[in-house]
Amino acid sequence: MSWFKRTKKGIQTPTEEKKDVPKGLWYKSPTGKIVDSEELEKNFYVSPEDGYHVRIGSNEYFELLFDDNKYKELDKNLTSKDPLKFEDKKKYPDRLKDAQKKTGLKDAARTAVGKSMGENLVVACMDFSFIGGSMGSVVGEKIARAADYSLKKKIPLMIISKSGGARMMEAVLSLMQLAKTSAKLAQLSDAGIPYVSLCTDPTTGGTTASFAMLGDINISEPGALIGFAGPRVVRDTTGQELPEGFQTAEFLKEHGFLDFITHRRDLKTRVNQYLDLVLNRPMREKTA
């Protein structure tokens, strides 16, 4: 005789009454530390036990940098075309539609202007969740237009890089963005308008080879992967074993590629204090 016997057949629980555990309730860092997702958010998406900086997107960075999360988004409706009629496992337009539906983004970068510690700042931020943060024509055009806006309004520019490199589906059109964005940043430099480059995890490929390393000051978050080609490609090309920590933010700072590394909670304050120094403005104090 069985302990339990179903007296009715076909019993089903309505979907709205199912007690599934909500997704994202806990986060596990690469070092194995478990942290509550709400605690993680309150700690600027940094694991409080090991300091691991969780990968975040433009929404979170805008909230961190702009006062009261108030900003005006620039060129928000720009979308990519398919001039090369590219197709791999799927057609490029279909891949774009899938990425837009999955992420709620138009492309792999967003640009905005708003007050940061009371002063105007233009921010261009890449989103890795959109096709690996790959840089296509839209990303290059948005960054170029953000630089134009900074030039016209005489407002400092900050670019937050988070990218796997150039977008292969746009081939040479993607590579052209390296020259276009570099030229725009040169115009800012000639006009004496500061440009701050923040490298986050990962900053690789054409992004590293262009605007990510052209800042008046180049900074990073702890532990970020920064480089042009991956470690395996570098090892095979040079025929040498790579030093420990190669391509981490700490390694690059030690060898002069970065000016400083900052914890995410200090990012807003440190960036604005640097701008005060180079613009010869009174130093602002940290705000809540």
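**View 1. Phenylalanine 228 in the loop between strand 8 and helix 7.** In this predicted model, phenylalanine 228 sits in the loop that runs between strand 8 (217-220) and helix 7 (231-238). Its relative accessible area is 57%, and the residue is exposed. Leaving out residues up to four places away in sequence, phenylalanine 228 touches Thr204, Gly205, Gly206, Thr208, Ala209 and Gln247. Glycine 165 is 63 residues from phenylalanine 228 in sequence, while their C-alpha atoms are 8.2 Å apart in space.

**View 2. The whole protein.** The protein has 288 residues, and 42% of them count as buried. Its secondary structure consists of 9 helices and 9 strands. The C-alpha trace spans about 85 × 50 × 45 Å along its principal axes. Among the contacts with a separation of 6 or more, 66% are between residues 24 or more positions apart.

**View 3. Helix 5 and its buried face.** Helix 5 covers residues 171-190, which makes 20 residues. From its first C-alpha to its last it reaches 30 Å, close to the 28 Å expected at 1.5 Å a residue. Ser174, Gln177, Leu178, Thr181, Leu185 and Leu188 are the buried residues of helix 5. Seen down the helix axis, these buried residues fall within an arc of 105°, so they line one face of helix 5. Val172, Leu175, Ala179 and Asp190, on the other side of helix 5, are exposed. The buried residues of helix 5 are covered by elements including helix 4 (137-153), strand 6 (157-163), strand 7 (195-203) and helix 6 (205-208).

**View 4. Helix 4 and the elements it packs against.** Helix 4 has 17 residues. It reaches 24 Å from first C-alpha to last, close to the expected 24 Å at 1.5 Å a residue. Buried in helix 4 are Val138, Val139, Gly140, Lys142, Ile143, Ala144, Ala146, Ala147 and Ser150. These buried residues pack against strand 3 (72-74), strand 4 (109-116), strand 5 (119-126), strand 6 and helix 5. Helix 4 is in turn among the elements that cover the buried residues of helix 5.

View 5. Lysine 154 is found in the loop between helix 4 and strand 6. Its place is just after helix 4. Although lysine 154 is not a glycine, its phi is positive, at about 55°. With 65% relative accessibility, lysine 154 counts as exposed.

View 6. Isoleucine 131 belongs to the loop between strand 5 and helix 4. It has a positive phi of about 50° and is not a glycine. The relative accessible area of isoleucine 131 is 22%, and the residue is partly exposed.

**View 7. The cis peptide bond at proline 202.** Proline 202 lies in strand 7. The peptide bond that leads from aspartate 201 to proline 202 is cis, and its omega is near -5°. Strand 7 is one of the elements covering the buried residues of helix 5.

**View 8. Leucine 258 in the loop between helix 8 and strand 9.** Leucine 258 occupies the loop between helix 8 (249-254) and strand 9 (260-261). Is leucine 258 buried or exposed? Its relative accessibility is 5%, and leucine 258 counts as buried. Apart from neighbours within four places in sequence, leucine 258 is in contact with Asn218, Ile219, Ser220, Ile226, Ala249, Leu252 and Lys253. Isoleucine 219 is 39 residues away from leucine 258 in sequence, and the two lie 5.6 Å apart in space, C-alpha to C-alpha.

How values were computed. Residues are numbered from 1 along each chain as its sequence is written. This is a predicted model: local features need pLDDT of at least 70, side-chain atom pairs count only at pLDDT 80 or more; totals for chains, interfaces and linings use all residues. Side-chain values use heavy atoms; hydrogens and water are left out. Helices (H or I, at least four residues) and strands (E, at least two) are DSSP runs, numbered from the N terminus. Buried means under 20% relative accessible area, exposed over 50%, partly exposed in between (1.4 Å probe, protein chains only). Contact means heavy atoms within 4.5 Å. The expected span of a helix is 1.5 Å times one less than its number of residues. The arc is that of the directions from the helix axis to the C-beta atoms.
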